[in-house]
Amino acid sequence: MAQAQIPIDSQINGAHQHPEAWSWYHYFWYNTDHKVIGIQYLVFSFIFYLIAGVMALFLRAELYTPDSDLLDPNVYNTLLTNHGTMMIFFWIVPAAIGGFGNYLVPLMIGAKDMAFPNLNAISFWLNPVAALLMGVSLYFGGAQSGWTAYPPLSLITNNLGQSFWILSIVFVGTSSILGAINFLVTIFKMRTPSMKWDEMPLFCWAMIATSALALFSTPVLAIGLTLLLFDINFGTGFFRPEMGGDIVVYQHLFWFYSHPAVYLMILPIFGIMSEVISTHARKPIFGYKAIAYSSLAICVVGLFVWVHHMFTSGTPAWMRMFFTISTLIVAVPTGVKIFSWVATLWGGKIRLTSPLLFAVGLLAMFVFGGLSGVTLGTAPFDIHVHDTYYVVGHFHYVLFGGSVFGLYAAIYHWFPKMTGRMYNEPLGRVHFLLTFIGANMTFLPMHQLGMQGMPRRIAMYDPQFAGLNQLCTIGSMILGVSIIPFLINMIWSWGWGEQAPRNPWRSLTLEWQTTSPPAIENFDEEPILWAGPYDYGVDTQMEDDEETVEELLATVKSEVK
Amino acid sequence: MAKEKETVPGSLIALTIGLVVAVISFWYGQNNNLLPEQISEQAPLVDDLFTVMATIATALFLIVEGAIVYSLIRFRHRGEDETDSEPVKGNFPLEIFWTAIPAFIVIGLGIYSVEVYNQMGGFDTSGGPQMAHHQHHSVEIASLIDRDVSAPLIGQAGIEEAIEQAPKTRPDYGIGASPQDVNNPAEVVINVTGLQYAWLFNYPGDNITSGELHVPAGKDVQLNIEAKDVIHSFWLPQFRIKQDALPGQMSQLRFTATHTGTYPIVCAELCGAYHGAMRSQIIIHEPNEYEAWLTENRVATGTDQPTVAVNPQDLSDSDYLEPYAKEMGINADVLAQIQP
Ligand SMILES: [Cu+2]
């Protein structure tokens with residue numbers, strides 16, 4: 001690191017096997033470039049976000065009145081099952097891990113691509129196959145037993161729809177396992193030689209934790225669902241009480257995966273938070289090591305908390321108590337992250353850009369979701385609110401207020417890098433405002449509904465809850481509207497936005513040191529680290545170099561222009 | 001925070017903020033009015049736990065959200081200043097502090113939760129030792145009741161005999177006797193069956209089956225809960241207790257109702273299309289009224305046919321259930337199916 005160097009990749013040399021730049025049609029076919037795959041994941045998953053979002057609007061419309069008057073109750077259950085399934089398996093997981101993980105990890109560690117580019121492409125293309133199977137399931141009426149698919153209900157309700165639903169999830173799970181192996185090998189083996197562990201961007205740390213978790217837990221879900229598939233179609237009785245099967249075993253198998261799945265959906269987002277907040281607050285991340293290690297702590301402890309989803313099920317007292325304690329412990333590393341981000345904001349020079357607004361919105365909502373999560377972790381209180389709207393409110397605070405806000409922050413933050421265009425800032429702020437108001441209006445009253453006695457997953461409810469439900473429905477309409485400025489912004493900016501410089505945020509991580517969008521093999525020369533990923537405000541004078549970061553960045557700017 | 005010393009001029013301001021946060025938190029913890037009426041002895045225990053958590057959560061919420069909002073205003077980028085901020089990379093004592101404080105809080109909450117769970121009766125999930133002791137005896141009585149001659153025998157002793165009706169299998173899960181009552185059998189035992197989309201309550205000593213749950217106030221009631229078809233979940237919101245009804249596995253809830261009145265029974269586990277309509281009522285009587293109710297329903301029918309105490313149409317206390325009454329209603333066929 002004696003010499004400060006910036007890789008200049010304006011000249012594409014002719015020795016490459018591929019075209020100089022991808023054309024639009026390359027994005028619609030098999031491609032092994034991690035950046036193409038990342039964008040494929042993002043666009044694919046966003047379509048499912050819209051579909052699952054429309055489902056939610058129908059659910060909320062049905063709940064505007066206590067009667068079941070808009071949808072057939074079976075259709076209602078199909079929608080609630082597939083809203084959850086798609087938001088998790090076709091939006092947050094593929095967008096956060098497949099989309100941003102693929103796009104960013106090789107760039108951030110200075111690699112040309114992922115370790116196994118073909119495996120990567122195959123992982124992606126398993127998703128459209130899964131989507132097709134989900135389509136077949138919906139054609140036959142869809143799964144109707146909730147995303148949890150608890151037997152015996154899942155064994156006796158719309159067998160055809162349920163079977164295709166299981167196949168679809170098994171495909172997504174396979175994709176997730178293959179992706180996890182790829183990320184781990186890439187991060188361990190392909191870092192640019194000068195990058196030490198503690199110089200790695202925190203997003204990569206988060207991806208290590210995410211991948212390890214996916215690798216441990218996903219096979220268990222696959223086993224549970226496969227046994228369920230056999231019970232439905234091949235006469236086995238693993239989960240059929242009348243044949244000596246045990247339905248509670250299914251719940252253990254399911255939640256052993258599906259609780260860590262919550263962390264699969266939030267850990268990459270935590271990584272995004274560290275990048276966005278530090279960059280836009282122009283301040284080093286507060287407590288780098290604490291944030292990095294707390295991801296690993298969440299990953300480890302997160303494997304031992306699954307029974308808190310089963311406190312009212314067939315679980316003995318000792319189990320309810322053990323998992324109360326382990327669940328409460330997860331709050332500690334999560335709290336460390338929250339406090340560290342707040343401390344990063346404190347004393348910064350905060351740019352109120354769209355990515356920062358969404359990141360701060362996430363922080364604000366996640367604090368609430370985390371605190372309600374602690375209350376849910378205690379078995380005595382959970383027994384009252386389990387399977388009620390309190391839980392629905394809680395997990396939407398962490399998954400919508402957390403994961404979706406984080407994805408929006410990431411989309412705005414890396415939009416210039418991915419597309420080479422700037423997005424429209426005022427439209428982004430309008431989008432944020434509508435989303436923030438809509439989300440709180442939709443999900444806050446749900447806590448009270450649950451505590452007062454309204455269970456979840458119902459199409460008809462006690463008329464005394466009508467008022468708060470109407471408030472929730474109006475909030476959901478605001479959320480529905482909030483997508484409009486976003487769509488206009490993305491489509492217009494991608495096609496006709498202002499040309500983006502290579503590093504509009506003056507960020508220090510490696511992906512910003514190459515062109516926007518990056519050349520096909522990312523860096524034409526081995527990139528050299530000339531500052532830590534979050535060394536904002538650090539005087540980076542080298543012993544034999546008088547230039548500061550600011551001056552270096554100025555040089556970069558002039559070179560680009 | 002790292003720069004607190006610079007931005008907060010004196011300990012006086014910090015103290016004021018601390019006091020205001022404490023006052024608001026305590027007030028909100030006590031006055032959030034989020035939980036419904038308390039009708040069981042467990043309810044105040046759960047609500048006190050919630051009050052403690054709500055108080056701590058409010059304080060943490062105010063501090064963290066306050067710091068976020070303050071940062072956004074105070075440290076907003078202004079003007080043409082393109083330089084970066086002071087490169088504070090961490091503060092080890094502060095990081096230890098905010099790791100240790102939450103750790104203490106959650107350990108405290110954990111211990112408190114175990115204690116509350118114990119007081120609620122969570123550790124007594126065998127149905128009490130007495131029950132097991134009288135097992136063989138109760139079978140005798142149960143067989144008596146099945147005969148035509150049993151009706152006159154029950155009379156006054158109805159409740160006592162109901163106690164003797166030990167469940168076929170001992171419930172392994174749920175809420176049992178509180179530590180004070182652990183050696184006493186419940187005073188009233190009722191078998192609860194969940195099926196799509198209704199709850200059935202069987203009073204084993206009295207040969208009564210009802211679609212609504214009638215219990216005496218102030219008596220120790222034990223429900224043995226099972227499901228016929230899919231998983232249901234038996235929830236009494238005003239009692240703060242809930243237990244899944246599992247096909248093939250017995251579970252229990254034990255409680256003492258503290259007031260008379262009528263309160264909802266809710267199915268909380270997705271059990272099919274009309275899951276939302278699977279609701280009933282618990283009617284808590286004065287003990288003598290309860291006796292009267294038992295007698296009335298015992299006498300009302302012959303001994304061969306179990307009593308349906310409630311017409312299925314009456315189950316729906318509001319009109320919205322009407323369209324589904326056919327689907328969810330209890331009729332003689334359903335009853336015949338589920339009677340042993
Ligand atoms: Cu039910």
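This is a predicted model: local features need pLDDT of at least 70, side-chain atom pairs count only at pLDDT 80 or more; totals for chains, interfaces and linings use all residues.
Residues are numbered from 1 along each chain as its sequence is written, chains are lettered from A, and side-chain values use heavy atoms, with hydrogens and water left out.

Let's start where the chains meet. Chain A brings 93 residues and chain B 88 residues to the contact (heavy atoms within 4.5 Å). About 7,600 Å² is buried between them, 69% of it from carbon and sulfur atoms; buried area is the accessible area (1.4 Å probe) lost when two parts are put together, summed over both. On the chain A side, A:Phe286, A:Phe339 and A:Trp346 lose the most area to chain B, together 11% of what that side buries.

The rule finds one salt bridge across this interface (a side-chain nitrogen of Lys or Arg within 4 Å of a carboxyl oxygen of Asp or Glu). A:Asp462 pairs with B:Arg279 in a salt bridge, with the closest N and O atoms 3.5 Å apart.

Now turn to chain A itself, where domain 2 spans 272-498 and domain 3 spans 502-561, bounds that come from an automatic or database domain assignment. Their C-alpha centres lie 32 Å apart. Here 23 residues of domain 2 of chain A touch 15 residues of domain 3 of chain A, and the area buried between these domains is about 1,600 Å², with carbon and sulfur atoms giving 59%. The rule finds zero salt bridges between domain 2 of chain A and domain 3 of chain A.
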